[in-house]
Amino acid sequence: MGFLSPPATVDKREYWGFSFYDWANSGYVTTTGTVLFAPYLTSVAEKAACGYVGTTDNPCHTNLSVLGLGISPGSLAFYVVTVATLVSALFLPVVGAIADRMANKKLLMCGFAWAGAVAASCMVFVGGGRWVLGALLLFIGNLCLGSSLVVYDSILIDIAPPDDRDTVSSRAWALGYAGGFLLLLVNLAVVTAHNALGMSQGTAVRLSLLSAGVWWGLFTILPFVRLQNRPPRNVEQVRGGNLIRQSFGQLAGTLRHMRAYKMTMLFLIAYLFFNDGIQTVISVSSTYGEKQLGFETQVLIATILLVQLIAFFGALVFGRVAARYGAHRTISGGLVVWVLIVVAGLLLPAHQILPFLTMGVAIGIVLGGTQALSRSAFSQLIPKGREAEYFSLYQAGERGTSWLGTLLFGLVHQLTGSYRPAIVALGIFFVIGLALLSRVDMRRGIDEAGNTQPAVV
């Protein structure tokens, strides 16, 4: 495990506490958010709308009625993620502002994590025609995940100096992929052997969803025990007044004065675009594989396992590349690969596993690295004392909370009846993100924020 060891300048106890929250939440992100829940909720919604589960040969085209609107069952999960993220746009910045004013950050982070874990565990009860319950639990789980990650990402600044943030972020992300891989491997065995275990495939899927919630909740105990609390970095922010009222005021002030940090704002906008693309590809991949390409659940889980395994090493490799060439250049190279991936997704033939696995390998190589380095690069651009609040804006485009991408994907599918044009439409997010990122001057942004310049950016 030497390749996951902390840098000499980082406290070992806190490093492992920080890293194991990636391990904890990746069980939910991978098993529930990436692989099982979207296609499972789609099947539940299709059965409620059409009386049967749609297939590639006999799709369900009857809409659900939601507040008088006709919603395609195949688009339901993506619309739920969209709504959750729109709510997050209002809620998460307030969470971040509160975190910047609290000495007990880890309690706030873990509280949201445990609430999300409860919602994730309750997904075991989604069956029959209970698609409304499934949509509600997905909404709560995503909102709690985003809220916990706002605080979690800001803790990176507390535990790692500027020169070590790329390394700490990349290694924590790699450990997260290892955790997601391990739990998903167990769930693959359960879903694959459901007949031998004396249960239906639906029951096996629901038990796997339960395991993801329990995993998230139990392993969150480690960061709660190992991380230290610190006083707010900007003492002036915590003097006088009600905490909630102060937090709304701080948020308004940040939005009003963000134009003073032009490179920070430009990086954030670029990130919101390209990460929307990344998160949408992740969240729709299992639905695309099952509903468009005709693969069974076992094939999808095995493919995601491969992605997780490759992503573990990909995150470590990206960290090493960034140490030599800088995070900015390394992220840009990764985005070029993402553009090629979505174009290739349009051309994937149905029922042929080798091309699907090849695309999975390509995704794994760039997945963890681009996300981990984006987190550490953004941390260099945040003005002191506003870490959690800025990361709350960053989390609006973080994993599982994309809204432009899922909205576009859902709309294109609803208009065309096919997931192929929907997947290739996501390429626009990577192109726009890459174009904006090319205009970011990292050293200027670090100076504007008043932070210490690392040796390589």
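Biologist: What span does helix H14 (residues 404-416) reach from its first C-alpha to its last, and how does this stand against the expected value?

Modeller: In this predicted model, local features need pLDDT of at least 70 and side-chain atom pairs count only at pLDDT 80 or more, whereas totals for chains, interfaces and linings use all residues. Residues are numbered from 1 along each chain as its sequence is written, and side-chain values use heavy atoms, with hydrogens and water left out. Helix H14 has 13 residues and reaches 18 Å, close to the 18 Å expected at 1.5 Å a residue. That expectation is 1.5 Å times one less than the number of residues. Helices (H or I, at least four residues) and strands (E, at least two) are DSSP runs, numbered from the N terminus.

Biologist: Which residues of H14 are buried, and what arc do they cover around the axis?

Modeller: Gly405, Thr406, Phe409, Gly410, Val412 and His413 are the buried residues of H14. They cover an arc of only 165°, taken from the directions from the helix axis to the C-beta atoms, and therefore lie on the same side of H14. Their cover includes helices H2 (76-100), H9 (262-292), H15 (420-425) and H16 (427-437). Just after H14, glycine 417 has a positive phi of about 75°.

Biologist: What makes cysteine 50 and cysteine 60 a disulfide?

Modeller: A disulfide is a pair of cysteine sulfur atoms within 2.5 Å. The sulfur atoms of cysteine 50 and cysteine 60 are 1.9 Å apart, and the pair therefore qualifies. The structure holds one disulfide.

Biologist: Which parts does this pair tie together, and why is it given a handedness?

Modeller: Cysteine 50 belongs to helix H1 and cysteine 60 to the loop between H1 and strand S1 (64-66), so the pair ties together parts ten residues apart in sequence. The torsion about the S-S bond of cysteine 50 and cysteine 60 is about 75°, and the disulfide is therefore right-handed.

Biologist: Is histidine 351 buried or exposed?

Modeller: Its relative accessible area is 54%, so histidine 351 is exposed. Histidine 351 lies in the loop between helix H11 (327-347) and helix H12 (353-379). Its phi is near 65°, a positive value in a residue other than glycine.

Biologist: Why is valine 281 classed as it is for burial, and which residues does it touch?

Modeller: Valine 281, found in helix H9, has 6% relative accessibility and therefore counts as buried. Contact means heavy atoms within 4.5 Å. Not counting residues up to four places away in sequence, valine 281 touches Trp338, Val342, Ile363, Leu426 and Phe430.

Biologist: Where does arginine 420 lie, and which residues is it in contact with?

Modeller: Arginine 420 lies in helix H15. Leaving aside neighbours within four places in sequence, its contacts include Tyr288, Gln292, Gly345, Leu348 and Pro349.

Technical notes: Buried means under 20% relative accessible area, exposed over 50%, partly exposed in between (1.4 Å probe, protein chains only).
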